[in-house]
Amino acid sequence: MTDSSSHSYRITQVVDVSNCREKAALFTGIATAVLDDVSKQRGESIFSTVRYIYNIKPEHGGHVTRAEALEQEFFTPFNVMGGNFRMKSKKEIVLVSVVQSAARGAVGGQDSMESRGNIVFKFGNVGTNVPIMMKKVNDPVQEAVDLIERLAQVHLKQVDNANTEQVIRLYQLMRMVPIEGMKAMWNRFKEQREKRHWFLITAVEANNDTILKFLKERFNANDLEPFEALFTVLLTFNHLEASAEMVEMAKEFLGFPISNEYVRNTVVMAYGSLVNKHCAYNTPCPDAAVQPLLEMANKALVAKNNKDMVLVLKALGNAGHPGSIKTIMKFLPGVAANPVDLPPSVLSAAVQAMRLIAARDPHHVQDISVELFFNKNLSSEIRMLAFIMLVDTKPSMALVSTVTTHLMEDTDLHVGSFAYSYLYSLAKSKTPENHFLSTACTTAMKILAPKFGRLGYYYSKAARMDVFNDKYLLGLAAEGFMLKNEPYVMPSEMRMRGKLFFIGRILQTIEFGIRNEGIKELFGKEIPGFKGDFSFGDFLAILNILKKWEHSPDNKPIFSASTRLSGQEWFFTDINKDFIRNIINMIYSPGEGNLLDIFSKGISWHKAMPLLMADARYIKASCVGLPVEISKYYQVLNGLSVNAMAEVNPPQTGIMDSEVLLKTEGFIGYTKDLWLFYGINTKLFQSGAELKAKSPISFPWKFDATVNIKEKKYSLEFIPSSNEVEFFSFRSDVYAVSRNIEDEGKTTPMIPSSGEAANSTTWSQICAESDAYGIGVCLESEFRKEYRPEQYPLYYLLGYTRFGLKVKKAQAARAVDRIRFEVNGTNPMGMCQLFNTQTKLFQVFRFHFSVIVAEVTSESCTIVKAVSMNANEVSDGYEAQMVYKYTDSQSIGQMVVSQAREDSNWKMSAETTMNVHVYVKTFWGVDCKPYEVSVETSSTKERLNAMLAWKVLPDTLAEAGQIIGRFIRHLAFFFGFNWELETNTEKQLTASVVGTSANYYNVEMKFPEYSLNRQDIPFPLPYPSLETPYPMNETLNHV
């Protein structure tokens, strides 16, 4: 563009810096959250542009007389289209004068231009520059010492909510402490148990070479307890800066002689996690980082050491290094060049070792997974694990079609059932990562349904449920896997895992796994007496098998358990017979050293456990040279304090033969603190927006408990607190912050508590009080908002939010000194006097009462009391008497509840009958009148019916029923139900669910004034058959 007035050219250049090739940006703390490219197609959480304008005069070859840059960045934790923060920065350069240089010739000549290179933003040491904290530090060691001593004191007996935020400050100081200071702090605190613990658990957040040097000295000196060594290594390696230098230093820990098995396992697996972080920030990942694990794997394979093979394969799984594929293949049958006969536990670990490589080298993992899955000579378990790995690589439609064709010819119904149920769930997936895969699975599911669609839970299954919101760019997913092998009835392996989708990334949240080894063989091919109808008889059949646990194989663990966080396995263990035997002996056997002996001497234990759960930062350069930062800090401070003393009568006896009086008091709870920051962050000042949230949960207790297992008598007694106790609360607000290194700065709520915003404040309190016990429960909430969430999700957060659940003292009808609960399970039938008074209401049967620990004759019942006491007399409360009868054809139960006060004749009676139908009828009021409600359900193979009927209801219950009815109507409308105004049976509600096909069902609900219905609702899971399975050959013929 030409400016005629100034005789100059105006050149404008707009750059999308969100997608530039060489971005001056720094990521920390999100190595385990992989990018989701498909999610970015649905919306962005951050978008940046820079507009450059140059004014050029044409004289002397062209003078740039003026240059300006305008950068605009839009950010939100959700989708930028739903509201956003905007950062605007502007830089302007004006030509003041031109200096002629004889040496260089005239301006505009051939020698006047010289390349000076590019302006590159350099990031300094940002580790200590925490954006939510800014304070001048003169002596980090002394300040850290003072803070440890203070925090250890205030959190000794319970979590002090007012002082949890200072833990972040301690982390910041620890990152400034040099190695000499860390040694001095260790020498100061090592003999003081609480302060030693606080020092170790916060020193791990130094995330630099200082903590590695310190831990190396501790391992060499062998002066850490096993638990201390375990958690310090685990947290240090997972929170360490994953540079090449740190990885090289961490290798030394693999060579330390560690006698404790759990500590050694943690060191090896945590090193694998460190390699994974290193690979996340370095592409391609150097082979040197994973080389020690590859050497360990080869040694374990040659030595045929099963434990070491499983351990190093789990570490390789954590590392997710593409260079480890060749080594992993040595453990896999059918793909190994020199196959070795390995146990199922090793094969399972080998297949799962590819789980993270699937995202970095999907084609290689895909080839191996397909080869394993198509190999019919392998066990069903290994083939199904290979199928999970195949799905993780996001196969193409062509490959899914090939797998479908193979399954139609496969004779292994466990594999077929597993693959079909997984494809069925994936076909309904709404998350971006499965956008294309779900389409392929829909076609495959329809082809496979006639063969595998009706197989029941006797066969292996996989299930997935997920949800994703494009407006928020948020989603959740949960998957469950049940892997079985013929001919065992018990699954070989069960796993559950979850995922979180946010800001264009995928984070594996938590995963649990159980491998059934000895217990699988204990259950064998069938469970005698098990019918599969989920009745009490089925429970007893399973219990009878478990009683024979001593007969499980000696050379195999009963079962193995493992857990993963953020895709990283951090703990696994084998539970064997000796472990269970020791636990049982400790609890039940009499004598010195058992559980009762320990409690009779008294215990006092206090522990606070701060954990930095998230420290994620995204820092980028701006056009003015200042760093713009998006940060998330999430910490949890857990607290547990226990004081207990037990009296055993008679002394030195087991818990089965004695009466135990336990007196205890303590606290359990935690406080979560969350910060989100967006703005400018430097070593000298900070300016931006900050969300701050706090959520404490606290449960203090003080009670006396009596346990007499032999006589089946139990009681618990406590004194109601005169102080208000807040069990749970949540508080959040968003602030505009401005801080500098010299003072505390300024923090201003974005929506103030007064002025115009006062109109948007809503406060409510709902309380329920019991005059029988003298206690009340209150739910409080307060909101200051300017927008609704459906308008702008981000702007809805720009306000104050608080809600909490409190327990407080209430006015009692009579004086209450203490509250007492009792359970008595050995009463003769004659003691249940209330049953003899209810013959007008029920046709009384002679019942049997069954319990797990022993068989009780028909002349007994159970009495439960919950009463308030004044001195030694009952003030008020309730007493329940229950009788239960179980036969092969039905279960019948009866309960009578009465008010314990002598001047009250309020009662409630209930009778339950369970066979093909379930029938419950309840009366209550004065002498069990006038209120009455009944519930009846029935089911067939394809239909489920339910009915709720009433005659007379209290006003409060009737009003609550109307509120619930309106809520159900609105909720049903949200889920696509049809609403029809019609007159149905009065005082009755019915519902029916009818399966119309293998994949769909209909729902109908009738209220007195209207009806709701919806047709052809898809099953969230494949519709199963619960019938007794056919033998394998008959099943194939049946299919």
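Buried means under 20% relative accessible area, exposed means over 50%, and partly exposed lies in between (1.4 Å probe, protein chains only). By that scale tyrosine 422 is buried, at 0% relative accessibility. This is a predicted model, in which local features need pLDDT of at least 70 and side-chain atom pairs count only at pLDDT 80 or more, while totals for chains, interfaces and linings use all residues. Residues are numbered from 1 along each chain as its sequence is written, and side-chain values use heavy atoms, with hydrogens and water left out.

**Aromatic pairs**

- The structure holds 33 aromatic pairs; rings of Phe, Tyr and Trp (its six-membered ring) pair if their centres lie within 6.5 Å, with planes under 30 degrees apart counted as stacked, over 60 as edge-to-face and the rest as tilted.
- One of them is the tilted pair of tyrosine 420 and tyrosine 424, at 6.1 Å centre to centre and 50 degrees between the planes.
- Both tyrosine 420 and tyrosine 424 lie in helix H18 (residues 413–427), 4 residues apart, about one turn of the helix; helices (H or I, at least four residues) and strands (E, at least two) are DSSP runs numbered from the N terminus.
- Tyrosine 420 is buried at 1% relative accessible area, and tyrosine 424 is buried at 0%.
- Tyrosine 422 forms an edge-to-face pair with phenylalanine 481, with 5.3 Å between centres and 80 degrees between planes.
- Tyrosine 422 is in helix H18 and phenylalanine 481 is in strand E9 (residues 474–483), so this pair ties together parts that are 59 residues apart in sequence.
- Phenylalanine 481 has 6% relative accessibility and counts as buried.
- Ring pairs also join Tyr422 and Phe481 with Phe373, Phe374, Phe387 and Phe418 in a cluster.

**Charges over rings**

- The charged end of arginine 383 sits over the ring of phenylalanine 373, 5.5 Å from the ring centre; the criterion is NZ of Lys or CZ of Arg within 6 Å of the ring centre and within 35 degrees of the ring normal.
- Lysine 484 has its charged end over the ring of tyrosine 458, 4.6 Å from the ring centre.

**Salt bridges**

- A search of the whole structure finds 61 salt bridges, each a side-chain nitrogen of Lys or Arg within 4 Å of a carboxyl oxygen of Asp or Glu.
- Among them is the bridge between lysine 40 and glutamate 44, whose closest N and O atoms are 3.6 Å apart.
- Lysine 40 is partly exposed at 33% relative accessible area, as is glutamate 44 at 24%.
- Arginine 66 meets glutamate 68 in a salt bridge of 3.7 Å, N to O.
- Lysine 577 and aspartate 554 form a salt bridge of 2.4 Å, N to O.
- Lysine 577 lies in helix H22 (residues 577–588) and aspartate 554 in the loop between helix H21 (536–546) and strand E12 (559–565), so the bridge ties together parts that are 23 residues apart in sequence.
- Lysine 577 is buried at 10%, but aspartate 554 is exposed at 68%.
- Salt bridges with shared partners join Lys314, Glu381, Glu493, Arg495, Glu511, Arg515, Glu517, Arg564 and Glu569 into one network.

**Backbone**

- Most residues other than glycine have a negative phi, and most peptide bonds are trans.
- The peptide bond from asparagine 649 to proline 650 is cis, with omega near 0 degrees, and proline 650 lies in the loop between strand E15 (627–649) and strand E16 (659–681).
- The bond from lysine 929 to proline 930 is also cis, with omega near 10 degrees; proline 930 is in strand E30 (residues 929–939).
- Lysine 987, in the loop between strand E32 (978–981) and strand E33 (988–995), has a positive phi near 55 degrees and is partly exposed at 41%.
- Aspartate 1016, in strand E35 (residues 1010–1018), has a positive phi of about 55 degrees and is partly exposed at 47%.

**Domains**

- The domain assignment, which is automatic or from a database, gives domain 1 (9–94) and domain 2 (941–1031).
- The centres of domain 1 and domain 2, taken over C-alpha atoms, are 54 Å apart.
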